[in-house]
Amino acid sequence: MKFRLPESEEGLTPDDLRRLTNALIDDVLHMLRHCKDGDVVFIPADPLANDPGAATDEEMAMAWTLGHIIVHMTASSEESAALAAELARGVEYHGRSRSEVPWETVKTVAQCRARLEESRRMRLASLNMWPDDPHLANTYTPREGAPPIGPVARFLSGLRHDDSHLSHLGDVIGQGRVARLQQTFLGRMRLRLDRRPQSGD
(Lines give C-alpha, C1' and ligand atoms only; values in the text may rest on other atoms or scores of the structure.)
Protein backbone atom coordinates (compact mmCIF):
# COMPACT_ATOMS: atom_id res chain seq x y z
CA MET A 1 0.00 0.00 0.00
CA LYS A 2 1.45 3.33 -1.06
CA PHE A 3 0.85 6.07 1.49
CA ARG A 4 -1.91 8.56 0.77
CA LEU A 5 -3.38 10.94 3.31
CA PRO A 6 -7.09 10.30 3.89
CA GLU A 7 -9.38 13.16 2.93
CA SER A 8 -11.05 13.04 6.33
CA GLU A 9 -10.49 11.51 9.76
CA GLU A 10 -14.16 10.55 9.85
CA GLY A 11 -14.60 6.85 10.46
CA LEU A 12 -10.90 6.03 10.73
CA THR A 13 -10.15 3.15 13.09
CA PRO A 14 -6.92 2.10 14.81
CA ASP A 15 -6.53 -0.55 12.09
CA ASP A 16 -6.71 2.21 9.46
CA LEU A 17 -4.03 4.15 11.35
CA ARG A 18 -1.87 1.02 11.45
CA ARG A 19 -2.15 0.58 7.68
CA LEU A 20 -1.34 4.24 7.06
CA THR A 21 1.66 4.09 9.39
CA ASN A 22 3.07 1.02 7.66
CA ALA A 23 2.50 2.53 4.23
CA LEU A 24 4.25 5.78 5.17
CA ILE A 25 7.30 4.09 6.66
CA ASP A 26 7.50 1.61 3.78
CA ASP A 27 7.51 4.54 1.34
CA VAL A 28 10.35 6.28 3.19
CA LEU A 29 12.38 3.06 3.31
CA HIS A 30 11.82 2.70 -0.43
CA MET A 31 13.17 6.23 -0.96
CA LEU A 32 16.35 5.21 0.87
CA ARG A 33 16.95 2.08 -1.21
CA HIS A 34 19.82 3.52 -3.33
CA CYS A 35 21.31 5.81 -0.70
CA LYS A 36 24.87 5.49 0.57
CA ASP A 37 26.22 6.46 3.96
CA GLY A 38 27.71 9.66 2.57
CA ASP A 39 24.24 10.77 1.49
CA VAL A 40 23.04 10.69 5.11
CA VAL A 41 25.45 13.40 6.25
CA PHE A 42 25.57 15.35 2.98
CA ILE A 43 24.66 19.01 3.57
CA PRO A 44 22.26 20.07 0.79
CA ALA A 45 21.66 23.50 -0.65
CA ASP A 46 18.57 24.96 0.99
CA PRO A 47 18.37 28.77 0.78
CA LEU A 48 14.94 28.70 2.44
CA ALA A 49 16.11 26.78 5.52
CA ASN A 50 14.47 28.25 8.61
CA ASP A 51 13.95 26.26 11.79
CA PRO A 52 12.47 28.45 14.55
CA GLY A 53 12.69 25.48 16.92
CA ALA A 54 16.44 25.06 16.45
CA ALA A 55 18.60 24.60 19.53
CA THR A 56 20.95 27.45 18.54
CA ASP A 57 20.81 30.55 16.34
CA GLU A 58 23.44 28.96 14.11
CA GLU A 59 21.23 25.94 13.44
CA MET A 60 18.18 28.06 12.61
CA ALA A 61 19.26 28.61 8.98
CA MET A 62 21.13 25.30 8.66
CA ALA A 63 20.09 22.99 5.84
CA TRP A 64 18.91 19.63 7.14
CA THR A 65 20.76 16.46 6.26
CA LEU A 66 18.92 13.28 5.34
CA GLY A 67 19.58 11.94 8.84
CA HIS A 68 18.22 15.14 10.39
CA ILE A 69 14.97 14.84 8.45
CA ILE A 70 14.51 11.21 9.45
CA VAL A 71 14.93 11.84 13.19
CA HIS A 72 12.67 14.90 13.02
CA MET A 73 9.91 13.06 11.17
CA THR A 74 9.97 10.06 13.47
CA ALA A 75 10.07 12.12 16.67
CA SER A 76 7.05 14.17 15.60
CA SER A 77 4.95 11.16 14.69
CA GLU A 78 5.92 9.32 17.87
CA GLU A 79 4.81 12.33 19.90
CA SER A 80 1.48 12.41 18.08
CA ALA A 81 1.03 8.66 18.62
CA ALA A 82 1.80 8.91 22.34
CA LEU A 83 -0.62 11.81 22.87
CA ALA A 84 -3.31 10.10 20.80
CA ALA A 85 -3.07 6.99 23.00
CA GLU A 86 -3.56 9.08 26.13
CA LEU A 87 -6.55 10.89 24.66
CA ALA A 88 -8.05 7.57 23.54
CA ARG A 89 -7.76 6.31 27.12
CA GLY A 90 -9.61 9.33 28.45
CA VAL A 91 -6.56 11.12 29.86
CA GLU A 92 -6.82 14.91 29.81
CA TYR A 93 -4.18 16.60 27.63
CA HIS A 94 -1.33 17.75 29.87
CA GLY A 95 1.38 18.96 27.50
CA ARG A 96 3.85 17.71 24.93
CA SER A 97 5.52 14.29 24.88
CA ARG A 98 8.53 14.72 22.61
CA SER A 99 11.87 12.92 22.48
CA GLU A 100 14.17 13.26 19.46
CA VAL A 101 17.33 11.33 18.70
CA PRO A 102 20.25 13.81 18.27
CA TRP A 103 20.48 14.20 14.51
CA GLU A 104 24.27 14.51 14.64
CA THR A 105 24.50 10.85 15.73
CA VAL A 106 22.73 9.51 12.63
CA LYS A 107 25.44 9.01 10.01
CA THR A 108 24.60 5.83 8.10
CA VAL A 109 21.79 4.41 5.99
CA ALA A 110 21.57 1.50 8.43
CA GLN A 111 20.91 3.95 11.28
CA CYS A 112 18.17 5.66 9.25
CA ARG A 113 16.50 2.32 8.52
CA ALA A 114 16.80 1.24 12.16
CA ARG A 115 15.30 4.54 13.36
CA LEU A 116 12.36 4.12 10.96
CA GLU A 117 11.72 0.53 12.05
CA GLU A 118 12.01 1.50 15.72
CA SER A 119 9.53 4.31 15.10
CA ARG A 120 7.17 1.91 13.32
CA ARG A 121 7.28 -0.43 16.32
CA MET A 122 6.64 2.40 18.78
CA ARG A 123 3.77 3.93 16.81
CA LEU A 124 2.03 0.59 16.25
CA ALA A 125 2.51 -0.26 19.93
CA SER A 126 0.81 3.00 20.90
CA LEU A 127 -2.29 1.93 18.96
CA ASN A 128 -2.43 -1.25 21.05
CA MET A 129 -2.94 1.02 24.07
CA TRP A 130 -6.25 2.29 22.69
CA PRO A 131 -9.19 0.75 24.57
CA ASP A 132 -11.83 -1.20 22.66
CA ASP A 133 -14.15 1.77 23.16
CA PRO A 134 -11.78 4.77 22.79
CA HIS A 135 -12.71 8.18 24.18
CA LEU A 136 -13.06 9.84 20.78
CA ALA A 137 -14.79 12.88 22.29
CA ASN A 138 -11.78 13.59 24.54
CA THR A 139 -10.29 16.61 22.78
CA TYR A 140 -8.15 19.66 23.41
CA THR A 141 -7.47 22.89 21.53
CA PRO A 142 -3.77 23.22 20.61
CA ARG A 143 -3.93 26.98 20.10
CA GLU A 144 -6.44 29.77 20.04
CA GLY A 145 -8.73 29.57 17.04
CA ALA A 146 -7.71 26.02 16.12
CA PRO A 147 -10.30 23.21 15.95
CA PRO A 148 -10.34 20.73 18.84
CA ILE A 149 -8.16 17.63 18.40
CA GLY A 150 -9.18 14.15 19.48
CA PRO A 151 -7.29 10.84 19.39
CA VAL A 152 -7.69 10.13 15.66
CA ALA A 153 -6.80 13.66 14.60
CA ARG A 154 -3.82 13.71 16.96
CA PHE A 155 -2.39 10.48 15.53
CA LEU A 156 -3.15 11.54 11.98
CA SER A 157 -1.37 14.88 12.49
CA GLY A 158 1.89 12.97 12.87
CA LEU A 159 1.36 11.20 9.56
CA ARG A 160 0.38 14.50 7.96
CA HIS A 161 3.63 16.02 9.22
CA ASP A 162 5.58 13.06 7.79
CA ASP A 163 3.85 13.53 4.45
CA SER A 164 4.81 17.22 4.40
CA HIS A 165 8.49 16.22 4.57
CA LEU A 166 8.45 13.60 1.78
CA SER A 167 9.28 16.08 -0.99
CA HIS A 168 11.95 17.62 1.27
CA LEU A 169 13.42 14.18 1.80
CA GLY A 170 13.33 13.42 -1.93
CA ASP A 171 15.11 16.67 -2.75
CA VAL A 172 17.90 16.03 -0.24
CA ILE A 173 18.32 12.44 -1.45
CA GLY A 174 18.51 13.69 -5.04
CA GLN A 175 21.09 16.34 -4.23
CA GLY A 176 23.19 13.81 -2.33
CA ARG A 177 23.09 11.35 -5.21
CA VAL A 178 24.19 13.99 -7.72
CA ALA A 179 27.02 15.15 -5.46
CA ARG A 180 28.17 11.56 -5.01
CA LEU A 181 28.10 10.74 -8.72
CA GLN A 182 30.02 13.90 -9.57
CA GLN A 183 32.99 12.51 -7.63
CA THR A 184 33.78 9.85 -10.26
CA PHE A 185 34.19 9.81 -14.04
CA LEU A 186 31.64 7.02 -14.46
CA GLY A 187 29.25 8.87 -12.21
CA ARG A 188 29.55 12.05 -14.27
CA MET A 189 28.89 10.03 -17.43
CA ARG A 190 25.82 8.50 -15.82
CA LEU A 191 24.50 11.93 -14.90
CA ARG A 192 24.99 13.12 -18.48
CA LEU A 193 23.07 10.11 -19.76
CA ASP A 194 20.29 10.69 -17.23
CA ARG A 195 19.95 14.27 -18.43
CA ARG A 196 19.73 13.42 -22.13
CA PRO A 197 16.28 14.23 -23.57
CA GLN A 198 14.16 11.14 -24.04
CA SER A 199 13.11 10.15 -27.55
CA GLY A 200 9.45 10.53 -28.38
CA ASP A 201 9.42 7.16 -30.13
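1. Cysteines to start with. The sulfur of Cys 112 sits 7.9 Å from the closest cysteine sulfur, which belongs to Cys 35, and that is too far for a bond. Searching the whole structure turns up zero disulfides, a disulfide being a pair of cysteine sulfur atoms within 2.5 Å. Both residues are tucked away: Cys 112 is buried at 0% relative accessibility, and Cys 35 is buried at 8%. Here buried means under 20% relative accessible area, exposed means over 50%, and partly exposed is in between, using a 1.4 Å probe and protein chains only.

2. Some ground rules before going on. This is a predicted model, so local features need pLDDT of at least 70 and side-chain atom pairs count only at pLDDT 80 or more, while totals for chains, interfaces and linings use all residues. Residues are numbered from 1 along each chain as its sequence is written, and side-chain values use heavy atoms, with hydrogens and water left out.

3. Now the core. The largest nonpolar core has 37 residues, and those with the most contacts inside it are Leu 17, Val 28, Leu 66 and Trp 130. At least two residues of this core come from each of helix 1 (14-31), helix 4 (66-88), helix 5 (109-128), helix 6 (151-164) and helix 7 (166-181). Helix 4 gives the most, with nine residues. For the terms: a nonpolar core is a set of buried Ala, Val, Leu, Ile, Met, Phe, Trp, Tyr and Cys residues joined through side-chain atoms within 4.5 Å. Helices are DSSP runs (H or I, at least four residues), as are strands (E, at least two), and they are numbered from the N terminus. As background, nonpolar side chains tend to be buried together in soluble globular proteins.

4. What does Trp 130 touch, leaving aside its neighbours within four places in sequence? Its contacts are Pro 14, Leu 17, Ala 84, Ala 85, Ala 88, Leu 136, Pro 151 and Val 152. Contact here means heavy atoms within 4.5 Å.

5. Helix 6 is worth a look. Ten of its 14 residues are buried, so the rest of the structure largely encloses this helix. The buried residues of helix 6 include Phe 155, Leu 156, Gly 158 and Asp 162, and its buried residues pack against helix 1, helix 4, helix 5 and helix 7. Its length checks out too: at 1.5 Å a residue the 14 residues should span 20 Å, and the end C-alpha atoms are 20 Å apart. (The expected span is 1.5 Å times one less than the number of residues.)

6. Pro 151 belongs to helix 6 and is buried, with a relative accessible area of 1%. Not counting residues up to four places away in sequence, Pro 151 touches Ala 84, Leu 87, Ala 88, Trp 130, His 135, Leu 136 and Asn 138. The C-alpha atoms of Pro 151 and Ser 80 are separated by 9.0 Å, although these residues are 71 apart along the chain.

7. On to aromatics. The count comes to one aromatic pair. The rings of Tyr 93 and Tyr 140 have centres 3.8 Å apart and planes at 5°, so this pair is stacked. Tyr 93 is in the loop between helix 4 and helix 5, and Tyr 140 is in the loop between helix 5 and helix 6, so the pair ties together parts 47 residues apart in sequence. Tyr 93 is partly exposed at 31% relative accessibility, whereas Tyr 140 is buried at 9%. The rule: rings of Phe, Tyr and Trp (its six-membered ring) pair if their centres lie within 6.5 Å, with planes under 30 degrees apart stacked, over 60 edge-to-face and the rest tilted.

8. Last, the charges. There are twelve salt bridges, each a side-chain nitrogen of Lys or Arg within 4 Å of a carboxyl oxygen of Asp or Glu. One of them joins Arg 115 and Glu 118, with the closest N and O atoms 2.9 Å apart; these two are three residues apart in helix 5, about one helical turn. Another joins Glu 117 and Arg 120 (2.8 Å, N to O), and this pair also lies in helix 5, three residues apart. Salt bridges that share partners join Glu 79, Arg 96, Arg 98 and Glu 100 into one network. Within it, Arg 98 and Glu 100 bring their closest N and O atoms to 2.7 Å.

9. Leaving aside neighbours within four places in sequence, His 72 is in contact with Trp 64, Arg 98, Glu 100, His 161 and His 165.
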